[in-house]
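Open the model in your viewer and keep the sequence panel beside it. This tour tells you what to select at each stop and what is there.

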Amino acid sequence: MPNRLGWLRIPLYGVLVFLYLPISVLIFMSFNKSDAPFTWTGFSTKWYSVLISSPNIMEGFKNTLIVAIVTTIISLVLGTLLAIGLARYQKSSSLEAVALTPAIFPDLALAIGLLALFTSLHLTLGLHSVIISHALFCMAFVTAIVRGRLAQIDSSLEEAAQDLGDTAVGTFFRITLPSIKPALIAGGLLAFTLSLDEFVIAFFTNGPSSPTLPIVIYSMVRFGVSPEINALATVVLLISALIVTIAQRNVKVQDQL
Amino acid sequence: MALAVKSEERDAIKRRALLSRAVFLVPGLTYITAFMLIPLGFIFAYTFLSRGTYGGIEFIFTLENYTRALDSLYIGVLVKSVLIAAAATILAFVIGFPVAYAITKLPTNRQNIMLVLIVLPFWTNFLIRTYAWIVLLNTQGFLNKGLINMGVISQPLELLYKPGAIVLGLLYAYIPLMILPIYSALVRIDPSMKEAAINLGATPAQAFRQVTLPLALPGVLVGAIFVFVPSVGNFIVPELLGGGKTIMVGNLIRDQFLKARDWPFGSVLALSMVIMLLVLFFIQARVNRRVLGDSRA
């Protein structure tokens, strides 16, 4: 089977080297003993202790977790309702386009719009404004995933339940929700990861007192190379890889159903 | 009597259907209206207003923001942004298409592993991925060191802070978004169509060019939009890898909102970017419809 690839092996493995080489260098250098950014001087885990003892980074990490968790909850509720509405109650391609627009619209345009809105409402910027903004585009991703799942499953079960006298709410909890569970897990994890790593919108809608982790990272990388960033990068990469792997499991379950 | 009951029942069912429709649709659509449609309306309105003395806006109608955007300085920035984003998109296609094609040739379980490997870097922090290239491309960085040790060069090359470095950073960041839609377009192609072409006397190369490539076109266009859209408005990669020398439209918009505090002018720049992208979406939808129409016929 693999020999069917022929010369196509070159771009395939080439792109993997291209994608993983820079990341690998960061991970490797995060264990460097000295703070020389480009010279290997020996193994050490001291940069990880520097991370843990850095109040800025820990504060940013805490803020990011709060934002990501609340964003995930809001976008799961709103996105799931919207997906069911679009799939079962109002089939309209233009409404569907509106629902998915926050996911593909340029983040910078959304960011300045939200900043304009919050400013004209005289809303103090802070974690709450980041959460409102993140839920906007995360919701669109949840809608897309749940909508895709609903298109695969037969709506006749729901119709049967309603014909037998079940209420819409009852049908929702007894039939619809269990059948879209894998999509909810995948969508929730996706929303969580997206919020965790989002910078542009957070940069515009955040107050100065409560930076999220990407904002902390931004202020660090602007001032050049440091082994601390390498250690932070390694931790962030591990967390993202873990979440994506879990999400992937659920998408596979979804395919099998 | 029976009829009256029936119509009452029907009314109740109708009311219930209307109610559940509202329960499901209203919260999400209200949220999108409040936090996307209205804010974008604000930005559009700002383009006709004057800047406030200390940021913000003043409600004095003007077209000056538009005439100012026509200055060759800003047009130049817009053109440069488009060229850089287009270069990243074309490179992503040239590299990404063979990669996507190669993945379709793998056994199914290995296809999934390969797809996860391709997307995994995409789900990690964008700033960190961009920063990694500073570590690699710096004059004292790993690439220069490696080349000097191998004797290829004697003096370190200045690889960063050039348009090429921005293209590379954008390519690195978004190439998974090109590979995935092309892959899903390719796996959906019925293999019998290619076999039919070969049975009718086409060479494998001809079958590829006349069957596979056109049917993959919708996927290519989706990928192109996925790469181009975040590239053209990007301000992180130009700042970190372009050293601020090559300013793209994203940097300009960011600066108008956060530094120069000229929101109306920033809004005009953002509007021009959005209109350009809407034109692209429109083209994509047209081509998509045409290709899908052809394959159905």
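This is a predicted model: local features need pLDDT of at least 70, side-chain atom pairs count only at pLDDT 80 or more; totals for chains, interfaces and linings use all residues.

Residues are numbered from 1 along each chain as its sequence is written, while chains are lettered from A and ligands numbered from 1 in the order in which they are written.

**Stop 1: chain B**

Select chain B and colour by secondary structure. Chain B has 12 helices and 2 strands; helices (H or I, at least four residues) and strands (E, at least two) are DSSP runs, numbered from the N terminus. Their order along the sequence is α-β-β-α-α-α-α-α-α-α-α-α-α-α. Chain B is more spread out than a compact globule, because its radius of gyration is 26 Å, well over the 19 Å that the globule rule gives for 297 residues. That radius is taken over C-alpha atoms, and the rule is 2.2 Å times the number of residues to the power 0.38. Along its principal axes the C-alpha trace of chain B spans about 100 × 70 × 30 Å.

Of the 297 residues in chain B, 41% are buried. A residue is buried if 20 or more other C-beta atoms lie within 10 Å of its own, exposed if 12 or fewer, and partly exposed in between, with C-beta atoms placed from the backbone.

**Stop 2: where the chains meet**

Now show both chains. How many residues of chain A are in contact with chain B? The contact joins 61 residues of chain A to 58 residues of chain B, where contact means that the C-beta atoms, placed from the backbone, lie within 7 Å. On the chain A side, α5(A) gives the largest share, 11 residues.

**Stop 3: helix α7 of chain B**

Select residues 163–188 of chain B. These 26 residues should span 38 Å at 1.5 Å a residue, and the end C-alpha atoms are 37 Å apart, which agrees; the expected span is 1.5 Å times one less than the number of residues. Helix α7(B) is mostly covered, with 21 of its 26 residues buried.

Centre on B:Tyr174, where α7(B) has a kink of about 50°, shortly before the proline B:Pro176. The bend is the angle between axes fitted to the seven residues ending there and the seven starting there. Apart from neighbours within four places in sequence, B:Tyr174 is in contact with B:Ala88, B:Ala92, B:Phe226, B:Val227, B:Pro230 and B:Ser231.

B:Tyr174 also belongs to the largest nonpolar core, of 157 residues, where A:Ile112, B:Tyr174 and B:Ile182 touch the most other members. Such a core is a set of buried Ala, Val, Leu, Ile, Met, Phe, Trp, Tyr and Cys residues joined through C-beta atoms within 7 Å.

**Stop 4: single residues**

Select A:Leu232, in helix α12 of chain A. Is A:Leu232 buried or exposed? A:Leu232 counts as buried, with 29 C-beta neighbours inside 10 Å.

A:His122 has a positive phi of about 55° although it is not a glycine. With 6 C-beta neighbours inside 10 Å, A:His122 counts as exposed.

Finish at B:Arg261, in the loop between α11 (249–258) and α12 (263–296) of chain B. Phi of B:Arg261 is near 55°, a positive value in a residue other than glycine. B:Arg261 counts as partly exposed, with 15 C-beta neighbours inside 10 Å.

Definitions and conventions: Two residues are in contact if their C-beta atoms, placed from the backbone, lie within 7 Å.
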